[in-house]
Amino acid sequence: MIERSCLAIILAAGEGTRMKSSISKVLHPVGGLPMVAHAVRAATAAGVGSVALVVGRGAEEVEAAVRPFASHVSLHLQADRLGTAHAVLAAREEIAKGYDDLIVMFGDTPLIDAGALAKARAKLAGGADIVVMGFRPADPAGYGRLVEHDNKLFAIIEDKEADADQKKIGYCNGGLMAISGKHALSLLESVGNKNSKGEYYLTDIVAIGHHRGLHVVSLEVDAASVLGVNTRVELAEAELLFQNRIRKEMMLAGVTMTAPDTVFFSWDTSIGAETRIEPNVFFGPGVTIEGGVAIHPFCHIEGARVASGSEIGPFARLRPGADMRANSKAGNFVEIKNAVIGEGAKVNHLTYIGDADVGAKANIGAGTITCNYDGFNKHLTQIGAGAFIGSNTALVAPVSVGANAIIAAGSVITKNVPDNAVAFGRARQEIHEGRAIVLHAQNKAIKEAKKAK
Ligand code: UD1
Ligand code: MG
């Protein structure tokens, strides 16, 4: 890590009107995490200590989204959108504290990776004064063009200002910049707004810096890492790139996926080596799966832990607080919420286990339901180790079933069951010998009488 103080200024004052959304554009999630939080995570991973957020609307929500990912966050309101240099200067107070490095990032660029930011900072540490992240888009129209010669960057010409020759340049401004702290304020304050948009362009600091004899360079990054999201179409593109990135990382780390394109991860999904994920599986935020787990098709998993040797699905739903211990099983059409499923315990079919503690090696029969909710409060069900719950049992919580107890199929259990006991919670079966013959004869007679009418 570079031993230099660094401030990341994240521009997030965009109106985002093209998203047609009631929330700030930068709060739309990619991989289950708001875009702006991705930017902050990358900054923090590149050793950035402080984050200055430049926001328009939704300031509090934006701040709340990034707070967990940075040790120091300051908020700066840009009331009028007068351009990217104007936006950066909204954070003037923070910049003036005197950081060694400054990184300007956009809140709608979620795929930026920490490695690229760290490289830009390394260039500053090596003597550069301004480092611009450049990329080569398939279609450069709309982007600022980098005018470079002998590894020196002379200027960035915005698309609107570019002449025919300059428009032919394929190397473009990705928007992100690293600036040496000691020059930043003076450079930014020298930017004027005499251009076709009447805006203060951050990109003008390149030519200004060059004229001052500063060391201005570019750093080429891949197009995906500077992809800016303006519409929900681009949001879906960013999501796809993000998913492909994680899928690849997972597979290279030892996770098997038979159809990776159909498996969806969140930014924080953690999966151990030798786990096998079959098609059509979704991971929401907060999931940790250890190694050697089998996840069969069509599972929906969020906020859950699954220990090694376990088997999930097909068609299982693990909701927040599901904690599957080693070698446990949640089979088809099983939903588990806020519940420990003990080591080696099996919940194989058509079952809801919510707010429960299931002991090791317990067997939960098909159609078992923990009745955890009375319309107002949630209650706990405890099932001891080795207990056998017969099919179609309703466990009316709060209730406990002792270790090695047996519950008869079809029971409604409302009272605690001690260890080693057998509990019946259903009407006893009666047998009436020969009675069926009488009933059949009666019914037949009724039918024939009706026909005769
Ligand atoms: C900018 C760059 C362009 C680059 C492109 C990459 C400038 C002048 N141009 O153009 O060279 O190729 O990004 O995508 O920097 N913002 C504010 N307040 C403002 C203006 C902008 O917060 O007053 C924020 C926006 O919300 C956005 C970012 O700054 O996140 C960039 O602004 P945008 O208007 O999208 O700039 P581009 O025209 O795309
Ligand atoms: Mg833009």
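Me: What makes the side chain of Glu-158 a polar contact of ligand 1?

Reply: The model is predicted, so local features need pLDDT of at least 70 and side-chain atom pairs pLDDT 80 or more, while totals for chains, interfaces and linings use all residues. Residues are numbered from 1 along each chain as written, ligands are numbered from 1 in the order in which they are written, and side-chain values use heavy atoms without hydrogens and water. A polar contact is a pair of N or O atoms within 3.5 Å. An N or O atom in the side chain of Glu-158 is 2.6 Å from an oxygen atom of ligand 1, so the pair meets the cut-off.

Me: Which value applies to Thr-84, and which to Arg-81?

Reply: For Thr-84, a polar side-chain atom is 2.8 Å from an oxygen atom of ligand 1. For Arg-81, the corresponding distance to an oxygen atom of ligand 1 is 3.4 Å. Both values are within 3.5 Å, so both pairs count as polar contacts. Taken alone, ligand 1 exposes 740 Å², of which the protein buries 86%; these areas come from the Shrake-Rupley method with a 1.4 Å probe.

Me: How many residues surround ligand 1, and how do they divide by type?

Reply: The shell around ligand 1 holds 19 residues, and Gln-78, Gly-83 and Asn-173 are among the closest. A residue is near if one of its heavy atoms lies within 4 Å. The shell divides into 7 nonpolar, 8 polar and 4 charged residues, where Asp, Glu, Lys and Arg count as charged and Gly counts among the polar. Helix H3 (84-89) and strand S10 (172-180) each supply at least two of the shell residues; helices are DSSP runs (H or I) of at least four residues and strands runs (E) of at least two.

Me: Why is the pair of Phe-69 and Trp-267 called edge-to-face?

Reply: Rings pair if their centres lie within 6.5 Å, and planes under 30 degrees apart count as stacked, over 60 as edge-to-face and the rest as tilted. By this rule there are 5 aromatic pairs. Phe-69 and Trp-267 have their centres 5.3 Å apart and their planes at 80°, so the pair is edge-to-face. Phe-69 lies in the loop between helix H2 (59-66) and strand S5 (72-77), and Trp-267 in the loop between strand S13 (263-264) and strand S14 (270-271), so the pair ties together parts that are 198 residues apart in sequence.

Key. A polar contact is a pair of N or O atoms within 3.5 Å; within protein, one must be able to donate a hydrogen and the other to accept it, and residues adjacent in sequence count only if both atoms are side-chain atoms. Rings of Phe, Tyr and Trp (its six-membered ring) pair if their centres lie within 6.5 Å; planes under 30 degrees apart count as stacked, over 60 as edge-to-face and the rest as tilted.
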